[in-house]
Amino acid sequence: MSGTTLLKESGPREVFCGLTSIVWLHRRMPDAFFLVVGSRTCAHLIQSAAGVMIFAEPRFGTAILEEKDLAGLADAHEELTRVVRDLLQRRPEIRTLFLVGSCPSEVIKLDLARVAEQLNKAYEGQVRVLNYSGSGIETTFTQGEDGALSALVPLMPTSQPQESQLLIVGTLANSVEDRLKTLFNRIGISKVSSLPPRKSSDLPSIGPGTKVLLAQPYLSNTAKALKDRGAEILLAPFPLGIEGSRLWMQEASKAFNIDKGIVDSTLEPLIARATKALEAYKSALSGKRLFLLPESQLEIPLARFLHRECGMEIVEVGTPYLNREMMKAELDLLPPNIRVVEGQHVEKQLDRVNAEKPDLVVCGMGLANPLEAKGVSTKWSIELVFSPIHGIDQAADLAELFARPLYRQQLLEHKVLAHT
Amino acid sequence: MELTLWTYEGPPHVGAMRIASSMKGIHYVLHAPQGDTYADLLFTMIERRGERPPVTYTTFQARDLGGDTAELVKGHIREAVERFNPEALLVGESCTAELIQDQPGSLAHGMGLDLPIINLELPAYSKKENWGAAETFYQLVRGLLKDKVDGQTTHDPRAWKQEERNPKVNLLGPSLLGFRCRDDILEIKKLLNEHDIDVAVVAPLGATTADLLEIPKSDINVCLYPEISESTCNWLEKNFGMPFSHTVPIGVGATKDFLTEIHKLLDLPLKPNNANNESKLTWYSQSVDSNYLTGKRVFIFGDGTHAIAAARIAKQELGFEVVGLGTYSREMARPVRKAAEAIGLKALISNDYLEVESAISEAAPELVLGTQMERHCAKRLGIPCAVISTPMHVQDVPARYSPQMGWEGSNVIFDDWVHPLMMGLEEHLIGMFRHDFEFTDGHQSHLGHLGAGKAATDNSSLTESQKEDKAISESVNLDSPIWTPEGKEELSKIPFFVRGKVRKNTEKYARQAGCRKIDSETMLDAKAHFKG
């Protein structure tokens, strides 16, 4: 491991909880419904984080616990069954129902697994009912996806023992997913599947012939569950930027014994084109100082990309938690003496932001405007989980997301500091 | 357990945050897990605040639950007091912390801190945001003023006469995430100043704890937003003998009534208004152009205060017909029911936007006055809409001066409500002219794909006329009269924004009259019948 300085901090945190993942998961699998079992806070969180009003009836909702549900658990289980029955009657097109645990449901120890099991019996052949926890006392932001995917793993059919396939794990934009599949096909990996699939009922198979590439860095539990099903987990940097995407694809091709020459000749023109496209943003970002607050778990791979390929100076990389095994390949690429802080004390961290005066801060939505009001440019981390940013072809688009706030700062003639 | 796809109000601790963030020098320690920190974005994103809300979240985790969460709470309280040095501290918990019963308020009281500590108990499983805001404001005012209650309610609202000064009043209720509060304050100050009445304390928005201590020194209180400040005004009346005004000055009539009430409470003779200062709404509504507005069917839904005010303006000042009135606020159910009964309606009290949507669809209005959610419902139904109430959306915090209260508020309301209706008329004209050869496709409808009879691409993926067919065929299933092709053709010529009403009325008439088939003659009969 490199000489990166790994620090831990604890204190008040400012991150979303795992429920927030529902915002993109329900878009990915339109035949699934996410039912949070929680409080009005949970419902309000998801609708506020999604930042949208509802244009159609949504594929997520909250079974809001009321005073009487807290009195007796048996009744709460019955109540939940009733709510599910009403919901499924209203939405007969649902094929997979996720019961999503929340802080309150975890604290009162509502047994969602048991309710799911009973519902599965009742709705056999019609709807599959799964459960996982997106609670903020156990998960942050993107970890919710880890929970949802882990819940899907036991349902994946077992593949034939000799069947060799590549499984890409983690939600990607559809266009990016298609592109990556095409590239893998081009270098000779013919069977490529994805988890989560585009249809919840269309789960890929899994077995000893499956090699898993993680497209997202927050899927430790899913990786473990896939490994337990016999799959091999390939550890590589994550497919952000040219370098990360190249190493990620090379790791797969090594595992499939594909001739390096074929991989190189396939990727070289892509790399040349992407390098050219990146040039403009590189000059905008080079030498600019970057501070990443912990939120999406993408912070370390982003820091690696923005430093190595865009020439940004890294002041601090915050990450909600650090899985050293999964991040090893990324940390190895970071230059020595970069401050990587696991956990958070939001006040102290903001003190450091104020002291360091970085050119750009990657942060959550709650913190962005207060920083802008102090003249610090910001980038919302939530945007990164919605944008097509993975792969060599997207490297320039990814850089552009960070260059835009800096460019905007230059365009605006007047600025107001500390406007409230 | 209640299935909720979308909620009009947040949890009660968000209400407490609204009070804390509205004021200066207050800090709120909230015992809550990390996910609850989302609430910051309501203030920094929706209201575009350049300051973080003054809130410390304890962000306890599962692993803390086995240990001493009480110590964790105390640590956060100590650190927050040291770092932010507030004048008063609010201490409370969100839904999850309520379950683990650490009682952070009592913990804070036991820490020997030298500042006022307000313990907030906001039951998260039965109450909601506005209630939480009202309770927090009340607890804060009571906490700071209770030592000053001397048991004698000798307060004299006419004291300004002996003291030879202008009468002075407090404006209570405006808060962050409240609808247009920022501008309402300015407008009401201006209005009262024109009548030589001074405004002393405005709270919670912009107030300090020192300001709250000044409240009893004014002559009367103005309860601007009953949702937030009625409980506080009641307490002040009971304990200090301070009377308060009940009229919310939204609309021309209500503004006049408000002035009358304030003057009566202060025993101040009411000067005749300078007509030039008054709202243009009255003349605009009287002008011949506004004949078009006569009898327009409106559906109203929002918080209690704005819904009730809207019903009065719609009926008495714009000559609309109110066909639906409701609120999501249980606390305001009683006055909204009363207001609905007064105009012959049954109020809709509901949290469920889908229920509201179906009520709108059923009432077939020509204009919806609602929240941002009703704006979306109205859009789906192809009905013009204006937003009159929270929940707050970034679009409800306009850069320009845009009050709802007082004379200027009435001007804003006239423009905001009439504009979408005129767009509806324009929509019809676009539909009418689109077959002219001069017409180009460049004339896009403001309703996008739904407007002017264009093919829809949304979930319904139906054209207007297909929708009409669908509505007709659905009604056939309900054993209703059948539309002849000729009748359908005639119906399609009716402007889309009144077509639903005409269809319903005609079917109603046909059923009453025992007609099995509806053609153009039946339509004319029905028209005559409902005129008569």
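Visitor: Leaving aside its neighbours within four places in sequence, which residues is A:Thr266 in contact with?
Guide: We're looking at a predicted model, where local features need pLDDT of at least 70 and side-chain atom pairs count only at pLDDT 80 or more, while totals for chains, interfaces and linings use all residues; side-chain values use heavy atoms, with hydrogens and water left out. Residues are numbered from 1 along each chain as its sequence is written, with chains lettered from A and ligands numbered from 1 in the order in which they are written. Contact means heavy atoms within 4.5 Å. For A:Thr266, that picks out A:Arg186 and A:Ile187.

Visitor: Is A:Thr266 buried or exposed?
Guide: A:Thr266 is found in helix H11 (residues 260–285) of chain A; helices (H or I, at least four residues) and strands (E, at least two) are DSSP runs, numbered from the N terminus. Buried means under 20% relative accessible area, exposed over 50%, and partly exposed in between, using a 1.4 Å probe and protein chains only. A:Thr266 has 13% relative accessibility, so it counts as buried.

Visitor: Staying in chain A, are H4(A) and H6(A) parallel or oblique?
Guide: Helix H4 (residues 73–90) and helix H6 (residues 112–122) of chain A pack at about 45°, with axes 10 Å apart. Axes here are lines fitted to C-alpha atoms, for helices over the stretch in contact, and angles run from 0 to 180 degrees between N-to-C directions. Under 35 degrees counts as roughly parallel, over 145 as roughly antiparallel, 65 to 115 as roughly perpendicular and the rest as oblique. That angle therefore makes H4(A) and H6(A) oblique.

Visitor: Which residues of H6(A) meet H4(A)?
Guide: From the H4(A) side come A:His77, A:Leu80, A:Thr81 and A:Val84. The residues of this contact divide into five nonpolar, two polar and one charged, where Ala, Val, Leu, Ile, Met, Phe, Trp, Tyr, Cys and Pro count as nonpolar, Asp, Glu, Lys and Arg as charged, and the others, Gly among them, as polar. On the H6(A) side you'll find A:Leu112, A:Arg114, A:Val115 and A:Leu119.

Visitor: Over in chain B, is the crossing of H7(B) and H11(B) left-handed or right-handed?
Guide: Helix H7 (residues 129–145) and helix H11 (residues 226–240) of chain B pack at about 30°, with axes 6 Å apart. That makes the two roughly parallel. A crossing is left-handed if the near helix is turned anticlockwise from the far one by less than a right angle, and right-handed if clockwise. For H7(B) and H11(B), the crossing is right-handed.

Visitor: Which chain A residues does B:Asp40 touch, not counting residues up to four places away in sequence?
Guide: B:Asp40 lies in helix H2 (residues 40–46) of chain B and counts as buried because its relative accessibility is 1%. Within chain B, B:Asp40 touches B:Met17, B:Pro53 and B:Tyr57. In chain A, the partners are A:Glu14 and A:Gly366.

Visitor: What percentage of the residues of chain B count as buried?
Guide: The secondary structure of chain B comes to 22 helices and 16 strands. One buried example is B:Val412, at 10% relative accessibility, in helix H18 (residues 406–433). Of the 532 residues in chain B, the buried share is 60%.
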